[in-house]
Amino acid sequence: MSTELGHLALALALLSGLCLAVFPALGVWRNDRRLMDMATPAAYWQLLLVALAFACLIENFVTHQFSNQLVANHSNRDLPLNYRVAASWGSHEGSMLLWILMLAGWTAAVAALSGNLPQGLRARVLSVLGAISIGFYLFALLTSNPFERAVPAPLNGRDLNPLLQDPGMVFHPPLLYMGYVGFAVAFAFAIAGLLEGRFDSAWARWVRPWTIVAWAFLSLGIGLGSFWAYYELGWGGWWFWDPVENASFMPWLTGTALIHSLAVTEKRGNFRSWTVLLAIMAFSLSLLGTFLVRSGVLTSVHAFATDPTRGVFILIFLCLVIGGSLSLYAARAHAVHAGLAYGLMSRESMLLANNILMVVAMLAVLLGTLYPLVLDSLGQGRISVGPPYFDAVFVPLMLPALLLMAVGPLARWRQTPVPALAHRMRWAFAASVTTGVLLPLTAPSDYKPATALGLIMALWVASGVVMAGLENMKSPSGPLDPLRLRLQPGAWWGMQLAHLGVAAFVAGVTLVSSYEVELERKLAPGEVLQVDRDLALRFAEARLIRGPNYDGVQVRFEILRAGEVVGELSPEKRRYAASRQVMTEAAIRRSLGGDLYVALGEAVGDAWAVRVQKKPAVNWIWIGVVMMGLGGFWAAADARYRRRVGAAAAVPSGSAEPLR
Amino acid sequence: MSRWIRASIPLAVFLLIAWFLLQGLHRNPREIPSPLIDRPAPLAALERLQNLEHHLASASQAVATASLQGSGLAPTGVAASPSVSDGIGTSAPSSSSPAALYAGKVWMLNVWGSWCSGCQLEHPLLNALAAERLLPIVGLAWKDSPAQARQWLDRLGNPYSLVLMDLDGKAAIDWGVYGAPETFVIDARGMVRFKHVGPLSDEVVRGQLRPLLARLGAS
């Protein structure tokens, strides 16, 4: 019953999406306030109906309604409750519904919080969001209906893919989609701006918090996905340059460029057409990611069950949205006025350089991701582009970006004298270079210049943050006063936190790639494996285990430090009953200093092939990402964005907490 | 005018990408070309899972079986054929090189494992093919234990005229196996003519395999 209710709610949501797309636009055209005002109820109804449809789907999963095809394929009577809920977005159809729910949520949030916008702009923004949602409703209803009935209903389901039975599945897709879909708001503002020919600093101030929040969600979503792959897939890597990872990374890079470009557009009025282009690109790349994952044109660990009709549908949708918006851009962008002039050495030019580096990096990732497809289309054979390409292209692009990151926030707008800037940064430079060069000497392994370079970069970025703090502590009378930092706005704090996060990230990446230890050995019960000078593992015992929907083997290892047992690790090998898939559950001992990671390979008699990895400082990578995300939220919560702009009515505004 | 052109660059780039994406829709990235196509099939001899011979005993009796132990190359036609048609467990697994065994015939190699779910998916199709007796199908159990392989065949049926065990995965490397299941067709001259990665489907069998077999003149 609830299956049909969900289906009906989704169909009605399409109707409200149509209302949202058509009436406000008609209102702008006929200059009719009442038609424009229909946007708000349409947006709320849309969210209500989509939420109802989503609730129905979750209910189907929770109460084991295997007469729903989706439940039959992706759930099982033995599946625990939290994974049954998560299973509702564990399939192509379900994740599409989640995407739609997020879009409806963002749209309703815009409707609720945009009371201070000019009527026409607001109506256009909401209308564009409505038009985008129509495409997704049609896609879901026509090619990937989550409410398809299974006739006859099976007695039990095929179970959720064991890889997905993990807390990561509960949080990773919603966070990621919040980010992906959030860029739709920036996109809608860009289109509305192009239609109106309006790109002043007020426009930029409206878009900024939405974009930063979307970016922060995307950062957290990608970070969580990487963390999940690290402990679940059993390979011990944290980034694989898989096409689908790239699909989420490209909007992130573009979004990073966009939030920096928006800062210039707001403060100085520069980079307007560039900002608009970035806003269009960020969302276009989110859509492209959707296409790549679901159309089967590329192989990936994330591949959903693919279906060519879906691919055709998304491609048409892609052409309409991206092609249409870029055509509009081509027709209108030349009319956008350039802003104030600025010098070669200024904060503007540094942000522009950062933007260019980010976009070039994005294009490099795009090229690497699509290159196999392009070669194949041209009949040049099948190849795959792997980490060596991406590492070789990406790292050199990020080095100058990191260099700029410390200096940019200290530089002045318009024109900044280089000698004075160099003078201000001299201690930070000296300290980060000496520490970065000397620190690797203390490590037991060989000296690698790349390690020193990475550490210098991390320290340099961190020292830029420290310098910014110190300079803002200076009181006019002279002595440093930490309380003066309270004068700084949320946007400043958010930026510093995010930049410090980048420093932590770079340090983590450098240390783990320089000093990781990886061993593969066959170990019999009682045997001891020496990991490094003072760390060893002893095979204590192997025992059979039984979980709710799997059985398997667990091997207990004792961690020995200088002969003393300091802890235990118990990796598992599980076989899931319904799908018969065998999964490796790695055991990880986690600390700020690094991880010890043990995964089971194959059994040889009563011995086991064991993979042991020591990952120094690996957690700094995700700590850094979390700092970036939180920095984004902090910046978006800046009181400045909640200030009313010339509107008399008291309206709830701001965007720190978008509706979900 | 130049600003207008500059503003159109993103659109042009997108249209180019869209064209390639459209091309990509008609292609299957899992179709991986094998460097072995039109090259001689690897000849390494392998341990055989005894007593699972199913049909085509005549062929294996007519052609002498290679009995070279280990992984050395077995020249065609080296002797010492074990009796294969009885079906009652006799001695320890002996080794066979299918390329030698089926020299002069069109045959098929199917790489599988009892641990592989895709193999289970294609298994009914293999059973059907075997029932038609179009060509001998050699099963290569990849990284599988003999007990589990046998259990699997007992449960799902045995389409293979010969089951070889690739315990350490060396033969899979020789054959350039990408992942189970994979299927190869070898012609009468011992050349690899076809490779399919992933489970066989009705479309593959109808659209590619049967036309190929007709051309190669499989009996």
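Trp241(A) is partly exposed, since 19 other C-beta atoms lie within 10 Å. The scale calls a residue buried if 20 or more other C-beta atoms lie within 10 Å of its own, exposed if 12 or fewer, and partly exposed in between, with C-beta atoms placed from the backbone. The model is predicted: local features need pLDDT of at least 70 and side-chain atom pairs count only at pLDDT 80 or more, while totals for chains, interfaces and linings use all residues. Residues are numbered from 1 along each chain as its sequence is written, and chains are lettered from A and ligands numbered from 1 in the order in which they are written.

Trp241(A) sits in the loop between helix H9 (201–232) and helix H10 (243–268) of chain A. Helices (H or I, at least four residues) and strands (E, at least two) are DSSP runs, numbered from the N terminus. The phi of Trp241(A) is positive, about 55°, although this residue is not a glycine. Most residues other than glycine have a negative phi.

Arg414(A) is not a glycine either, and its phi is positive, near 70°. Its loop lies between helix H14 (387–407) and helix H15 (418–438) of chain A. Arg414(A) is partly exposed, with 14 other C-beta atoms within 10 Å.

Now to the strands. Strand E2 (residues 528–530) and strand E3 (residues 535–546) of chain A pair in the antiparallel sense over three bridges; two strands pair if DSSP finds at least two bridges between them. Four residues separate E2(A) and E3(A) in a hairpin. E3(A) also pairs with strand E4 (residues 550–561) of chain A, antiparallel over eleven bridges. Arg538(A) in E3(A) is the bridge partner of Val528(A), and Glu558(A) in E4(A) is the bridge partner of Arg538(A).
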